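Trainee: Could you take me closely through the ligand site of this model, and through the pocket that holds the ligand?

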Amino acid sequence: MEDLLKLKGKNIVIMGVANQRSLAWGVAKSLQKVGANLIFTYRKERSVDRIQKLLADHEFEAKVMVECDVNEDESIKQAFKKIGEEVGTIHGIVHSLAFAHPEDLRADFVDTSRDGYAFAQDTSAYSLVAVAKQARPYMTEGGCIVTMSYLGADRVLDGYNVMGVAKAALEASVRYLANDLGKDGIRVNAISAGAVRTISAKGVPSFNKILNKIEETAPLRRNITQEEVGNMTLAVLSDLSSGVTGETIYVDAGYHIMG
Ligand SMILES: COc1ccc(Cn2cnc3cc4c(cc32)CCCC4)cc1C
């Protein structure tokens, strides 16, 4: 029998596990099933205990856990230096982190502050560029960098505001990074996930309205699950998608094709 995924024993860095509902945790669960080595980064010390409890509860073992504050270039540099020292080669990265000031997600977009706009861009979009730059030297066998985006990158969704603009920048960054890194055999893609009830859903105004609209409108007439996002991310990280780069792949029950 042929192993089409070719992820067993591969070193995958997972950035953005906040709790068991995180999209990044869904990816970790899928990767664990196929025998990948899991490397977790975290921003705050308090996240370490939370991730370690998640790992223990699921009898997972992290190959490495590294502190990384994606708003700080030196922190990213040190994090990937440590990961490189621990595992040698990185075969994939899951970038699943974003943030905006909550007050910028309720007011009218026109009232977004300069600081709020820059913060959302820095955390949710530029961080991918900075991570790709620091990871590149360790991705000596090629691989794939996957980030998480959302429909608000190219449609107006009430209240998504500055995060939508950041996601638009993220998806454009995916295309330009794909162009730069393709010569190294490194693919760069985005997964645009439908609305999943994660810890940050509280930050998205009218979240429940979004869920209901998807259930009524999406071709599959239902919302998607954390597991479905995890499995498609696994496929994009794997050799199955060796010909796909610079792409945004929708995992949203088909919702985005509707008018
Ligand atoms: C502080 O605000 C935030 C902090 C992080 C996030 C993470 N995030 C980015 N885009 C998102 C889209 C959705 C959710 C969370 C999202 C949840 C399900 C619906 C779609 C969002 C906000 C708004």
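Mentor: What follows looks at the ligand, then at the pocket around it.

This is a predicted model, in which local features need pLDDT of at least 70 and side-chain atom pairs count only at pLDDT 80 or more, while totals for chains, interfaces and linings use all residues. Residues are numbered from 1 along each chain as its sequence is written, and side-chain values use heavy atoms, with hydrogens and water left out.

The ligand is surrounded by 16 residues (a residue is near a molecule if one of its heavy atoms lies within 4 Å of it), and the closest are Ala100, Leu105, Tyr160, Ser200 and Phe207. Tyr160 also places a polar side-chain atom 2.5 Å from a nitrogen atom of the ligand, where a polar contact is a pair of N or O atoms within 3.5 Å. Taken alone, the ligand exposes 500 Å², and the protein buries 89% of that, with accessible areas coming from the Shrake-Rupley method with a 1.4 Å probe. The shell around the ligand divides into twelve nonpolar residues, three polar and one charged (Ala, Val, Leu, Ile, Met, Phe, Trp, Tyr, Cys and Pro count as nonpolar, Asp, Glu, Lys and Arg as charged, and the others, Gly among them, as polar).

The ligand sits in the largest pocket, in the sense that more than half of its atoms lie within 2 Å of the grid points of that pocket. On a 1 Å grid over the protein atoms alone, a pocket is an open set of points where a 1.4 Å probe fits, with protein on both sides within 12 Å along at least five of seven lines, and lining residues have an atom within 4 Å of a point. The largest pocket has a volume of about 1,300 Å³, the volume being the space filled by probe spheres set on the points. Its lining has 43 residues, of which Leu97, Ala98, Phe99, Ile199 and Ser200 lie nearest the centre. By class, this lining has 26 nonpolar, twelve polar and five charged residues.

Conventions:
Polar contact = N/O pair within 3.5 Å; in protein donor to acceptor, adjacent residues only side chain to side chain.
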